[in-house]
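Morning, everyone. Let me put the model up, and then we'll walk through it.

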There are 2 protein chains.
Amino acid sequence: MLTVKLDSDVPLTLQIAEGIRRQIATGGLKTGDELPTVRQLAADLGVNLNTVARAYRALEADGLLTTVRGRGTQVASATVGKASLAANRERIEDRLRGALSDAKLAELDQTAVEKLFRKLMREFWRGATKNGG
Amino acid sequence: MLTVKLDSDVPLTLQIAEGIRRQIATGGLKTGDELPTVRQLAADLGVNLNTVARAYRALEADGLLTTVRGRGTQVASATVGKASLAANRERIEDRLRGALSDAKLAELDQTAVEKLFRKLMREFWRGATKNGG
DNA sequence: GTCAATGTATCATTGTATGATACAATAGTG
DNA sequence: CACTATTGTATCATACAATGATACATTGAC
C-alpha cells in the first residue's frame, strides 16, 4: 500500500501521513474505505504501531480520516476540513517554490519541468473535469 | 535578505538554506556575490551564529557556496554539483507530488493550480529562453 | 460476561536542533 | 614580524522531537 525509508531524514510519521494523503488525493483511497489496522500497517512497514497511530491521528485532525477505538480507521473525506485549509494552501506555494528552486539549480529547463508537471497533474486529476475541485 | 519563522516546524537551518537556494535559483544572488557574515545574518534573523554557519556549510556541500575562514562566504555556482544532482532531482518530483496532493485535498481545480504554477515559473525563469537549463 | 481485536496513553531512550562559548585562520596595520 | 579585528569552526550543554516498549481502554462478536 505504501512504503517508508527508514534512513530518510523525513520522520516516519510524516512519511506515512504523506503517503496516505497522496493515496486519498489520487483516488487510490476513497471515502468510506477501511485502512489497515495500526498493527497491520506497522508490521508491513517495519515500524512501531504508535508511529502509524500518530500518522492516523494527524490525518484525523485534518478531517481526512475517522477512527474509532476498537473498530478501526476509515477515510472520512477526500478534502481537508476548513481548519486545515489555510495552512494547506500556504504549503502548496511553498512546496512548488521549493520544487522549482531545486529544478532550476539542477539545470532542468522550462520544457522539462512543464512536462514533469503535466505528468503529475494527470496522476492527481485523472478523469476529472478542468474545473471540478 | 530573507526571513525565518521561529515557531515553524521546519528547522531554522533548513529554512535559511532553502531561502538562500531560492535566492540563487531566482538570480537574486549571482556567482561571485558575497553573503553576509554568519554573525551578521544571525543577528538579522535573531538566531545563533552556528545556525547560519550550518546552513552555509550545507550549501557548500551542494557546491553552491564557497567559504574561507577569516574571509567570508560567496556564491560559487548557480547550479548544484554532480554529487547533489541525483538527490536533487528526486526531491523535485517528491515536492511536486506533495504540492499537488495538497492542492487536490484543498479542492483547488486544475486551472487554479496551473495558473499558480505558471506564475512561479516566471519567477524562476525570468528572462530565460525556453530551453536554457 | 468473556474474549479477541482495535486504537490510546504513558514512559524511556535516542537522536536532532539550537545555542553559549572558546578556538583557529585570514587579512590588514604598523 | 607582532598585533588586532574579522571571519568561519569546533566543542559542549540543553531542550525538544521522534520512535519504540509496554500497559490500558473501547468496541463488537459469541
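Start with the surface near DNA strand C. Helix α3(A) gives the most to it, with five residues. "Near" means that a residue's C-beta atom, placed from the backbone, lies within 6 Å of the molecule or strand.

Some ground rules. This is a predicted model, in which local features need pLDDT of at least 70, side-chain atom pairs count only at pLDDT 80 or more, and totals for chains, interfaces and linings use all residues. Residues are numbered from 1 along each chain as its sequence is written, and chains are lettered from A and ligands numbered from 1 in the order in which they are written. Helices are DSSP runs of H or I with at least four residues, strands are runs of E with at least two, and both are numbered from the N terminus.

Back to DNA strand C. It has 24 residues around it, and A:T37, B:P11, B:L12, B:N48 and B:G70 come nearest. Which elements give two or more residues to this surface? From chain A, they are α2 (38-45), α3 (49-61) and β2 (72-75); from chain B, α1 (12-26) and α3 (49-61). By class, the count is eight nonpolar, 11 polar and five charged. Nonpolar here is Ala, Val, Leu, Ile, Met, Phe, Trp, Tyr, Cys and Pro; charged is Asp, Glu, Lys and Arg; the others, Gly among them, are polar.

Now DNA strand D. Again 24 residues surround it, the closest being A:P11, A:L12, A:N48, A:G70 and B:T37. Chain A supplies at least two residues from each of α1 (12-26) and α3. Helix α3(B) has the largest share, five residues. The classes divide into eight nonpolar, 11 polar and five charged.

Next, how the two chains are related. In general, two copies of a chain are related by a rotation about an axis and a shift along it. Here, a rotation of 180 degrees with 0.0 Å of shift superposes chain B on chain A, at RMSD 0.1 Å. That is the relation of a two-fold axis. The same surface serves both copies, as 100% of the contact residues of chain B recur in chain A.

What does that contact take from each chain? It takes 39 residues from chain B and 40 residues from chain A. Two residues are in contact if their C-beta atoms, placed from the backbone, lie within 7 Å. On the side of chain B that touches chain A, α1, α4 (82-105) and α5 (110-124) of chain B give two or more residues. Helix α4(B) gives the most, with 17 residues. That side of chain B has 17 nonpolar, nine polar and 13 charged residues.

Chain A by itself, then. It has five helices and two strands, running α-α-α-β-β-α-α from the N terminus. Its C-alpha trace spans about 50 × 35 × 25 Å along the principal axes. Of its 133 residues, 33% count as buried. Buried means 20 or more other C-beta atoms within 10 Å of a residue's own, exposed means 12 or fewer, and partly exposed is in between, with C-beta atoms placed from the backbone. The domain assignment, automatic or from a database, gives domain 1 (12-75) and domain 2 (82-124). The centres of those two domains, taken over C-alpha atoms, are 24 Å apart.

Now the hairpin in chain B. Strand β1 (residues 65-68) and β2(B) pair in the antiparallel sense over four bridges. Pairing requires at least two DSSP bridges between the strands. B:T67 has B:T73 as its bridge partner, and B:V68 stands opposite B:G72. Three residues sit between the strands, and B:G70 takes a positive phi near 95 degrees.

One last backbone detail. Most residues other than glycine have a negative phi. A:E107 has a positive one, near 65 degrees. A:E107 lies in the loop between α4 (82-105) and α5 (110-124) of chain A.

Conventions:
Least-squares fit on C-alpha atoms with pLDDT ≥ 70 in both.
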